[in-house]
Amino acid sequence: MHIPDNFLSPPVWLALDAISLPLVGWVARRSFRDSDHTATPRLGVMGAFVFAAQMINFPVGAGTSAHLLGGALLVSILGPTATVLVMTTIVAMQAFVFQDGGVLALGANVFNMALAGVVAAALALRAFRRFPSAALFLAGAVSVLASAFLALAELLASGVHMPPALLWASIGLFAVSAVVEGAITLAVVRAVSRLNSRWLSLPSQAGRGPLAAFSLAALLMAVAAFFVASSQPDGLQTLAARFHISSQPILPAPLAGYSMSLAGPPWLGRASAALAGLLLAAAACLALGRFLARRRSA
Amino acid sequence: MRHHRIAGWSLLDSPLHRRDARAKLLATLLFLLALALAPQSSALAAVPFALVLLAALFFARLPLLPLLLRSASVLPFSIVFALIEWASGHGPHGGALLAKSYVSALAVLLLAASTPMPSLLHAMESLGVPRAFVLIAQSLFRYLFVIAEVAQRMRLASLCRGGTSPLRPSAGFRASAGSLAVLFARSQQRAHGIHMAMLSRGFHGSLPLAVRPRFRPSDAGFLAAACALGAALYLSVTLR
């Protein structure tokens with residue numbers, strides 16, 4: 001799931017660098033504004049643990065074995081904020097030292113694995129905290145699914161060609177690895193809590209479960225939307241043609257034909273239209289949520 | 001462990017090793033940028049970039065074959081996608097992806113193999129990476145090999161006890177989960193010990209470098225040459 005350099009088109013990696021690197025920088029500065037950094041080296045040792053944990057194989061049947069990816073496990077031990085920092089460091093270390101993932105594509109890989117994956121796992125843990133086993137399994141599964149689908153969508157938005165059969169095969173592969181990661185996360189957290197349950201920092205009973213469930217659903221839908229928009233950019237038009245709806249738009253759309261009319265190759269327009277559309281939709285949802293929350297509290 | 005080798009290479013001495021880490025980091029980023037913006041139409045565009053890298057490898061007095069093999073770790077991913085491109089009738093594009101991703105990986109490996117980790121992290125911090133990431137990366141890199149060795153020993157111990165052929169797969173799964181939990185407990189204990197030891201030695205949030213790095217005129221010259229070379233490479237492949 002680590003995307004190497006030169007697989008993403010410049011607008012895609014530039015946009016994701018511009019989004020995720022300042023975001024993780026802000027998280028780092030905010031969470032360490034007051035403390036004096038003396039506890040930070042412990043996070044590094046936890047990162048080294050996740051690296052080393054990938055050397056222990058789990059038999060998953062049919063003679064094959066899998067290993068832990070670690071995002072959801074770290075969330076259940078360190079909490080989401082520290083996990084974002086540790087996962088970002090791991091992804092950057094893999095890019096710079098172990099040639100696993102590109103340096104220019106660092107923003108994309110950080111976005112997929114250290115932001116989207118971690119947020120998905122944290123939301124799943126919070127939403128289903130009444131059912132700890134289900135929550136842990138789901139946290140592992142959705143963190144892998146979110147990262148994998150985003151990576152695939154970014155590749156598709158960059159103009160990498162993929163026949164439908166292969167697309168389905170990779171979706172099946174993602175589903176299998178999501179189930180495996182969920183099972184490993186659940187088994188390891190159970191074993192850790194048998195050793196010492198104080199090591200875990202799972203969400204407590206007090207909290208806003210429905211809100212977390214709603215946010216998780218929204219996040220997963222955004223990932224799915226990005227995926228669909230980048231794999232089938234003319235889906236709506238196909239639908240319109242099938243149901244014999246006039247192709248003349250009622251309102252002039254700003255992103256007509258799912259591509260911005262920019263000078264440049266067609267994939268550039270398609271990728272920037274997909275990103276801009278997602279950002280617009282997210283901003284609209286945020287504004288609506290704010291408005292509703294204000295009306296309810298008034 | 002194989003990863004020890006990069007740390008070993010980075011401590012060698014050569015004209016490239018002696019350059020300031022900041023200059024090398026910026027030069028690598030420029031190189032990657034020029035390569036990424038070069039046309040995606042054919043693998044030939046990557047050839048001038050590869051030649052420049054080979055020359056730099058020669059100046060760094062690094063062993064050629066091990067580095068070429070190490071950066072091949074990017075190839076499984078690239079070959080799969082290149083084959084897909086080729087099968088869907090975009091052969092040249094697939095070839096370009098393959099060549100460019102390999103050359104990019106080699107460039108980053110050259111940086112890591114000619115710059116010790118503490119200097120590289122210091123360079124990143126002086127170029128604006130937040131202190132928290134630098135501290136996490138320092139302790140991560142320092143204890144990675146220690147904890148990996150513990151994991152290796154545990155794996156060996158479980159193999160000696162017949163850990164690979166459990167009667168039921170679910171038992172093997174639970175045994176692996178148990179050993180991961182023990183590995184976590186040992187890492188936690190070690191992290192606590194390290195933290196206490198660092199505090200008692202007066203750690204207050206930053207690790208000092210043994211030698212204060214200085215940005216010499218030769219480093220500025222190196223960076224200027226890298227800028228000129230990057231621009232020349234980019235123009236040579238785009239204007240053709």
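Visitor: In what order do the elements of chain B run from the N terminus on?
Guide: This is a predicted model, and in it chain B reads α-α-α-α-α-α-α-α-α-α-α from the N terminus. That makes 11 helices and 0 strands.

Visitor: How much of chain B is buried?
Guide: Of the 240 residues in chain B, 44% are buried.

Visitor: Let's pick a helix pair. How do α3(B) and α11(B) sit, parallel or antiparallel?
Guide: Roughly parallel. The axes of α3(B), residues 21–37, and α11(B), residues 217–238, cross at roughly 5° and come within 9 Å. The cut-off for roughly parallel is under 35 degrees, so α3(B) and α11(B) qualify.

Visitor: Which residues meet there?
Guide: From α3(B) you have A23(B), K24(B), L26(B), A27(B), L30(B), F31(B), A34(B) and L37(B). They meet D219(B), F222(B), L223(B), A226(B), C227(B), G230(B), L233(B) and Y234(B) of α11(B). By type, the residues of this contact split into 13 nonpolar, 1 polar and 2 charged.

Visitor: Switching topic: where is S176(B), and is S176(B) buried or exposed?
Guide: S176(B) sits in helix α10 of chain B, which covers residues 169–200. Its relative accessibility is 8%, so S176(B) counts as buried; the cut-off is under 20%.

Visitor: What does S176(B) touch?
Guide: Leaving aside residues up to four places away in sequence, S176(B) touches I56(A), N57(A), F58(A) and P59(A).

Visitor: OK, over to chain A. How many residues of α2(A) are buried?
Guide: 13 of the 14 residues in α2(A) are buried, so that helix is mostly covered. α2(A) takes in residues 40–53 and reaches 20 Å from its first C-alpha to its last, close to the 20 Å expected at 1.5 Å a residue.

Visitor: And which residues of α3(A) are buried?
Guide: G71(A), A72(A), L73(A), L74(A), V75(A), S76(A) and I77(A). That is 7 of the 8 residues in α3(A), which runs over residues 71–78 and is mostly covered.

Visitor: What comes just after α3(A)?
Guide: G79(A), with a positive phi of about 85°.

Key. Residues are numbered from 1 along each chain as its sequence is written. Chains are lettered from A and ligands numbered from 1 in the order in which they are written. This is a predicted model: local features need pLDDT of at least 70, side-chain atom pairs count only at pLDDT 80 or more; totals for chains, interfaces and linings use all residues. Side-chain values use heavy atoms; hydrogens and water are left out. Axes are lines fitted to C-alpha atoms, for helices over the stretch in contact, and angles run from 0 to 180 degrees between N-to-C directions. Helices (H or I, at least four residues) and strands (E, at least two) are DSSP runs, numbered from the N terminus. Angles under 35 degrees count as roughly parallel, over 145 as roughly antiparallel, 65 to 115 as roughly perpendicular and the rest as oblique. Contact means heavy atoms within 4.5 Å. Ala, Val, Leu, Ile, Met, Phe, Trp, Tyr, Cys and Pro count as nonpolar, Asp, Glu, Lys and Arg as charged, and the others, Gly among them, as polar. Buried means under 20% relative accessible area, exposed over 50%, partly exposed in between (1.4 Å probe, protein chains only). The expected span of a helix is 1.5 Å times one less than its number of residues.
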